[in-house]
Amino acid sequence: MSFASPGAPTPARRVAYLNARLLDPASGMDMAGQVLTEGGRIVDVGANLFPPDLFRDNAPDNAEAIDCKGMCLAPGLVDMRVQLREPGEEHMENMASASQAAAAGGVTTMVALPNTQPVIDDVSLVEFVARRAREIGVTRIRTYAAATKGLHGKELTELGLMAETGAAGFTDGTKAIASAVVMRRALSYARMFGKIIVQHPEEPALAGEGAMNEGEIASRLGLAGIPPAAEIMMVERDLRLVELTGGRYHAAHVSTGEAIDAIRKAKRQGLAVTCDTAPHYFALNETAVGDYRTFAKVSPPLRDEMDRRAVVEGLADGTIDAIASDHAPHDQEEKRLPFAQAAFGIIGLETLLPLSLELVHNGHLKLLQALGALSHRPAAILGFEGGRLARGAPADFVIFDPDKPDRIEEARFRSKSKNSPFDGRPVQGAVLRTVMDGRTVFEAGAERAKRGGRGD
Amino acid sequence: MTALRPGGQRHYPYRHLLGIEGLSPDEIHFLLDRSETYVEQNRRADKKGSSLRGRTIINLFFENSTRTRTSFELAGKRLGGDVINMSVSTSSIKKGETLIDTAMTLNAMHPDVLVVRHSESGAVKLLSEKVNCAVINGGDGSHEHPTQALLDALTIRRRRGRLDGLTVAICGDIAHSRVARSNIHLLNTMGTRVRVVAPTTLLPNSIDRFGVEVFTDMRRGLEGCDIIMMLRLQTERMKGSFVPSIREYFRFFGLDREKLAAAKPDALIMHPGPMNRGTEIDSEVADDIDRSLIQEQVEMGVAVRMACLEILAENLPDRSLRNAP
């Protein structure tokens, strides 16, 4: 006779993902195989995990089986730059709606900027984000904390206490840390806690009231321009400060060839420097502004074709470490305005993967390279344990069809805001299923025709 | 350079005491040995000596100070000297007189020793070049505070019987501290192992070239230490400029029971004062009579300053003295 003690944990749920093309950018693995998860962890990955007869009826012992039908199974995307608008501007987006958008986009971890209302510059607000993420339970949500109090660029926040509370790094969000001495101290101080300083690399005085890339098009449209030099000089300045302090620096959304060149050189020197870009900087150029389309108003601005090609080149040679969506939800009131008055930014969680796959279909990146920039490398920069398919790793992954012809449709966006310049764009590649913490958090077509039986 | 007279006696061969850097172990021991003789005298009911009788000592303080000025004043008076205090509020500096004009004016009054504190590094040396008397640096900017280092050394030497072979951790605002610099020079000269513990923003550039071990993790920095010297952190430096906040500073760099546990079980605690309780040091630790040497440091301060005043006064007629090490 046996007694189950009350409250004994039920055995963790086991799920076998069969018949998958396993893609792990961390190890370079690209092969047919299976993944077995138990609870929130991957317990095994490989080509021959199970005896061939075990799954004769597709129902392995005490494990649920999911047939991937030969589709790609890769680590869940780690989007290292999103704006969630919660707390404070929930009419544009909130953590729940952004989580749905992320799951639909194959994103299992997103890292929020601290430019909310109030600004995340205090331990209690870092805790707030963690608590909301747990409550929602659809994606992992981490947050950067503000590097300076109120994002005012003057006084350092409690970096140490917030690092201990789980801040992923420090940044002033969409504002540059403009003062060289503040940047110096932030880099120096954050180094003690092993955290990165993420810079919005744009010299604010030079960018001024600019609304788009400075050049012929801006001049013809009669719009104030933001010269590429605003980005280049800030990156170059910051690299000097990295050299001085030994700090860890990450340049967000680089958009110019010369800034990328400066980072390439710094990496060769051995400085602790990384950077990311966003899909619009390789998928679009300044001509997308066209006839004052405010959905093409982003910060930094879309650059000219030479810079766009330099971004592609930077991704191809690995100078650019990561691709982040730079998801920036804005409601219509903020975009239906004269171009100069409209808000900067576009949403991106749901278009991150298909736009990145364009680089693969065009032959610029290998599939594993693109996936690395979307998962393994941002996870490594931030010290997250995800971003890889390996025993013991979190069971966070995306199952996708890399070739499926598709079209980006605003109507399908789960984000509360719809500000995307990519509406109607034909793409190749679609997310079929997103698994986070061992649970299916998105399944293509599931909401239209709930078949049940598989997944959650 | 030798600190021995032809007869083999130690001595201090300089006209001024401007800093510790450059002094030899023998010279430092000579100053400490003389200081030692005054510790007992200061504990007696009759504390009065006469070796400075007829001497005029001017405490010239361009920067506010109560403790150091009082300590020098008592030291001079206990040896029978005439001590005059000039602080910035009563001086003519506020009327626009330059530092050198002030020095020349005072020099014309024939003082024997000037004790000078100034907020600018190097100001005391500049002044010393313009006067005929002896000058003691009572603290210049972020440069040196030699009598503080000497009184710290005397305190340690009396408690531990030696300076060499000990490990001392100096913790806090190293970048702006003259106390830290003078102590680093003195302890290094005497064969003490010196560590500095501070957030990166409060470490001066190239501090590793001072012959110290550098730590930004306080527990690791205190591991195996015999002596912990806490430094005062000025409030204007902990509001987001060098350090984010008081509570964060205390969390990572404040000396409390928990961090103290990393040091040797009998490690002793020092602080040059005045303390910011709850910023760099927890009251429980600061007031622990078994561990805290803070009151003893104040006592040793008077003895050290008596010795310094007396030695410089003895040297005064001697024209063969060098100006500074």
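A polar contact is taken here as a pair of N or O atoms within 3.5 Å, of which, within protein, one must be able to donate a hydrogen and the other to accept it. In the predicted model described here, ten residue pairs are in polar contact across the interface of chain B and chain A, both residues of each pair being at pLDDT 80 or more. The residues on the side of chain B that touches chain A divide into six nonpolar, six polar and four charged. Three salt bridges are also found across the interface of the two chains. R251(B) forms a salt bridge with E164(A), in which the closest N and O atoms are 2.6 Å apart.

In terms of contacts, the interface brings together 16 residues of chain B and 17 residues of chain A. The size of an interface is often given as the accessible area lost when the parts come together.

Chain A contains 13 helices and 19 strands. Its radius of gyration is 22 Å, in agreement with the value near 23 Å that a compact globule of 456 residues would have. Taken along the principal axes, the C-alpha atoms of chain A fill a box of roughly 75 × 45 × 45 Å. Of the 456 residues of this chain, 60% count as buried, and among its contacts between residues at least 6 apart in sequence, 74% join residues at least 24 apart.

T108(A) is placed in strand β7, which comprises residues 107-112 of chain A, and T108(A) counts as buried because its relative accessible area is 2%. When residues up to four places away in sequence are not counted, T108(A) touches G76(A), L77(A), T139(A), R140(A), D396(A), F397(A), T434(A), V435(A) and M436(A). T256(A), by comparison, lies in the loop between β14 (248-251) and α8 (257-269) of chain A, and with a relative accessible area of 1% T256(A) is likewise buried. The side chain of T256(A) makes a polar contact with the side chain of E231(A), at 2.8 Å. Beyond residues up to four places away in sequence, T256(A) touches E231(A) together with P228(A), I232(A), R303(A) and D307(A).

With residues up to four places away in sequence not counted, G150(A) touches V119(A) and D121(A). The C-alpha atoms of G150(A) and P114(A) are 9.5 Å apart in space, the two residues being 36 residues apart in sequence. Between K366(A) and A316(A), which are 50 residues apart in sequence, the C-alpha to C-alpha distance is 8.5 Å.

Chain B has a secondary structure of eleven helices and nine strands. The radius of gyration of chain B is 19 Å, close to the 20 Å given by the globule rule for 325 residues, so chain B is as compact as a globular protein of that length. Its C-alpha trace spans about 55 × 50 × 40 Å along the principal axes. Of the 325 residues of chain B, 58% count as buried, and residues 24 or more positions apart account for 72% of the contacts with a separation of 6 or more.

Within chain B, H16(B) is found in the segment before α1 (25-43), and H16(B) is buried, with a relative accessible area of 1%. The side chain of H16(B) reaches the backbone nitrogen of V135(B) at 2.8 Å. Apart from neighbours within four places in sequence, H16(B) is in contact with V135(B) and also with S128(B), C133(B), A134(B), L312(B) and N323(B). The C-alpha atoms of H16(B) and E120(B), which are 104 residues apart along the chain, are separated by 18 Å.

Definitions and conventions: Residues are numbered from 1 along each chain as its sequence is written. Chains are lettered from A and ligands numbered from 1 in the order in which they are written. This is a predicted model: local features need pLDDT of at least 70, side-chain atom pairs count only at pLDDT 80 or more; totals for chains, interfaces and linings use all residues. Side-chain values use heavy atoms; hydrogens and water are left out. Contact means heavy atoms within 4.5 Å. A salt bridge is a side-chain nitrogen of Lys or Arg within 4 Å of a carboxyl oxygen of Asp or Glu. Ala, Val, Leu, Ile, Met, Phe, Trp, Tyr, Cys and Pro count as nonpolar, Asp, Glu, Lys and Arg as charged, and the others, Gly among them, as polar. Helices (H or I, at least four residues) and strands (E, at least two) are DSSP runs, numbered from the N terminus. The radius of gyration is taken over C-alpha atoms; the globule rule is 2.2 Å times the number of residues to the power 0.38. Buried means under 20% relative accessible area, exposed over 50%, partly exposed in between (1.4 Å probe, protein chains only).
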